[in-house]
Amino acid sequence: MIFVENRLGKKVEIVPDDILLKAQSLACGCPEHLLTIIGSLKNLQEYESKCILENPSGFIVHSWLLEESRKVEVTVAKLLADLLVKENILDQDYGFKK
């Protein structure tokens, strides 16, 4: 699942499968590529979490990577949501248009 903060400060869940379904009408595959990046970031975060537990000597580095990758995920999720607004798939509050 992907959460993004809308302009009202409310966290909104964006479901990848819903995005892929709605984005089929687009001429480009940018939403799919952004979803792939988010998935890769989540995989990295899972890996970093395991490293923190299994390799205490690398705690500082892995904690830093985990925190920074979370920031990147937030940025990419917002980029995806804003793209979907520009493509008239989401409204300004990141809800799917009817």
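Is Phe59 buried, partly exposed or exposed? I looked up its accessibility: at 45% relative accessibility, Phe59 counts as partly exposed. The classes are buried under 20% relative accessible area, exposed over 50%, and partly exposed in between, with a 1.4 Å probe and protein chains only.

Notes on the source. I am reading a predicted model, in which local features need pLDDT of at least 70, side-chain atom pairs count only at pLDDT 80 or more, and totals for chains, interfaces and linings use all residues. Residues are numbered from 1 along each chain as its sequence is written, and side-chain values use heavy atoms, with hydrogens and water left out.

Entry on Phe59. I placed Phe59 in helix H3. Helices (H or I, at least four residues) and strands (E, at least two) are DSSP runs, numbered from the N terminus. I then checked Phe59 against Ser49: they are 10 residues apart in sequence and 9.6 Å apart in space, C-alpha to C-alpha.

Entry on helix H2. I found 25 residues in H2, and a reach of 36 Å from its first C-alpha to its last, close to the 36 Å expected at 1.5 Å a residue. The expected span is 1.5 Å times one less than the number of residues. The buried residues of H2 include Leu34, Leu35, Ile38 and Leu41. I see the buried residues of H2 packing against S1, helix H1 (16-22) and H3.

Entry on the core. Which residues touch the most other members of the largest nonpolar core? I read off Leu80, Leu90 and Tyr94, in a core of 21 residues. Strand S1 (2-5), strand S2 (11-14), helix H2 (30-54) and helix H3 (59-86) are the elements that give two or more residues to this core. H3 gives the largest share, seven residues. Such a core is a set of buried Ala, Val, Leu, Ile, Met, Phe, Trp, Tyr and Cys residues joined through side-chain atoms within 4.5 Å. In soluble globular proteins, nonpolar side chains tend to be buried together. I also listed the contacts of Leu90 (heavy atoms within 4.5 Å). Leaving out residues up to four places away in sequence, Leu90 touches Ile14, Ala81, Leu84, Val85, Gly95, Phe96 and Lys97.

Entry on salt bridges. I counted five, taking a salt bridge as a side-chain nitrogen of Lys or Arg within 4 Å of a carboxyl oxygen of Asp or Glu. One of them joins Lys42 and Glu73, with the closest N and O atoms 2.7 Å apart. Lys42 lies in helix H2 and Glu73 in helix H3, so this pair ties together parts that are 31 residues apart in sequence. Lys42 is partly exposed at 30% relative accessibility, while Glu73 is buried at 13%.

Another bridge joins Lys50 and Glu46 (3.8 Å, N to O). These two are four residues apart in helix H2, so about one helical turn separates them. Lys50 is partly exposed at 44%, and Glu46 is partly exposed at 47%.

Entry on the pocket. What volume does the largest pocket have? I noted about 190 Å³. Among the residues lining this pocket are Met1, Phe3, Lys42, Arg70 and Glu73. S1 and H3 each supply at least two residues of the lining. A pocket, on a 1 Å grid over the protein atoms alone, is an open set of points where a 1.4 Å probe fits, with protein on both sides within 12 Å along at least five of seven lines; lining residues have an atom within 4 Å of a point. Grid points are joined across faces, edges and corners, and the volume is the space filled by probe spheres set on the points.
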